[in-house]
Amino acid sequence: MKQVLLIEDNASNRKLLGDLLRHAGHQVHLAESADAGIELALAQRFDLVVMDIQLPGMDGLTATRLLRANPLTQALPVLAVTAHAMRGDRQRILDAGCDGYVAKPIAYKTFLAEVGRLIEAPTTTHKSTH
Ligand code: MN
């Protein structure tokens, strides 16, 4: 079971994304603000952060830059979730240090495929048999 930190201020999105992640077999930890999320990320080990970009106070891109700047969370995969689907946003999000990007409204399959890609990639050991 993988540990996923979901940072999302909107209650219905927390429910929706949380349910999708739990249904995929992951343990979900919730934060409603960037500050609370960063505090959690520094306090325990996670396999993935799902980061809403539009957050009250500190936004998700600033939070991602802070995670990237800290040796404890430097390598932690971050999947951005945003309502912004404007031209240039993808590059802005990747430049901030996010590893992937899914636009709202969330396409379930795309979201779970990105979660799977980011959660498996860095730590999976190669199988010795085929
Ligand atoms: Mn939001």
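These legends walk through several close-up views of one predicted model.

A few ground rules: the model is predicted, local features need pLDDT of at least 70, side-chain atom pairs count only at pLDDT 80 or more, and totals for chains, interfaces and linings use all residues. Residues are numbered from 1 along each chain as its sequence is written, and side-chain values use heavy atoms, with hydrogens and water left out.

View 1. Starting at the N terminus, the order is β-α-β-α-β-α-β-α-β-α, giving five helices and five strands. Both kinds of element are DSSP runs numbered from the N terminus: helices are H or I with at least four residues, strands are E with at least two. Of the 130 residues, 44% are buried. Here buried means under 20% relative accessible area, exposed means over 50%, and partly exposed is in between, with a 1.4 Å probe and protein chains only. The protein exposes about 7,300 Å², and carbon and sulfur atoms supply 55% of that; the areas come from the Shrake-Rupley method with a 1.4 Å probe, and for residues only the protein chains shown count as cover. Among contacts (heavy atoms within 4.5 Å) between residues at least 6 apart in sequence, 60% join residues at least 24 apart.

**View 2. The manganese site.** Which residues hold the manganese ion? Asp9 (OD), Asp52 (OD) and Gln54 (O) coordinate the ion at 2.0 to 2.2 Å. Along the chain, these donors are spaced as D-x42-D-x1-Q. Asp9 and Gln54 bring distant parts of the chain together: Asp9 is in the loop between strand E1 (3–7) and helix H1 (11–23), while Gln54 is 45 residues away in the loop between strand E3 (48–52) and helix H3 (60–69). Asp9 is partly exposed at 31% relative accessibility, and Gln54 is partly exposed too, at 29%. Donors are N, O and S atoms within 2.8 Å of the metal (3.2 Å for Na, K and Ca); water is not among the atoms, so sites may look incomplete.

**View 3. Two nonpolar cores.** A nonpolar core is a set of buried Ala, Val, Leu, Ile, Met, Phe, Trp, Tyr and Cys residues joined through side-chain atoms within 4.5 Å. The largest one has 21 residues, and Leu5, Ile7, Val49 and Met51 touch the most other members. Zoom in on Val49: leaving out residues up to four places away in sequence, Val49 touches Leu5, Ile7, Leu76, Pro77, Val78 and Leu79. A second, separate core has 16 residues, including Leu6, Leu20, Leu48 and Val81.

**View 4. Helix H3 and its buried side.** Gly60, Leu61, Ala63, Thr64, Leu67 and Arg68 are the buried residues to look for in H3. Why do they sit on the same side of H3? Because they cover an arc of only 160° around the axis, with the arc taken from the directions from the helix axis to the C-beta atoms. The general rule behind this is that an α-helix has 3.6 residues a turn, so residues three or four places apart point the same way. The buried residues of H3 pack against H2, E3, E4 and helix H4 (89–95).

**View 5. A cis peptide bond at Pro105.** The bond from Lys104 to Pro105 is cis, with omega near -5°. For context, most peptide bonds are trans. Pro105 is in the loop between strand E5 (100–103) and helix H5 (108–120), and counts as exposed at 75% relative accessibility. The C-alpha atoms of Pro105 and Asn13 are 9.8 Å apart, although 92 residues separate the two along the chain.

View 6. Glu114 lies in helix H5 and is buried at 17% relative accessible area. Neighbours within four places in sequence aside, Glu114 contacts Leu79, Gly100, Tyr101 and Val102. His26 sits in the loop between H1 and strand E2 (27–31) and is buried at 12%. With the neighbours within four places again set aside, the contacts of His26 are Met1, Lys2, Val4, Leu21, Val115 and Ile119.
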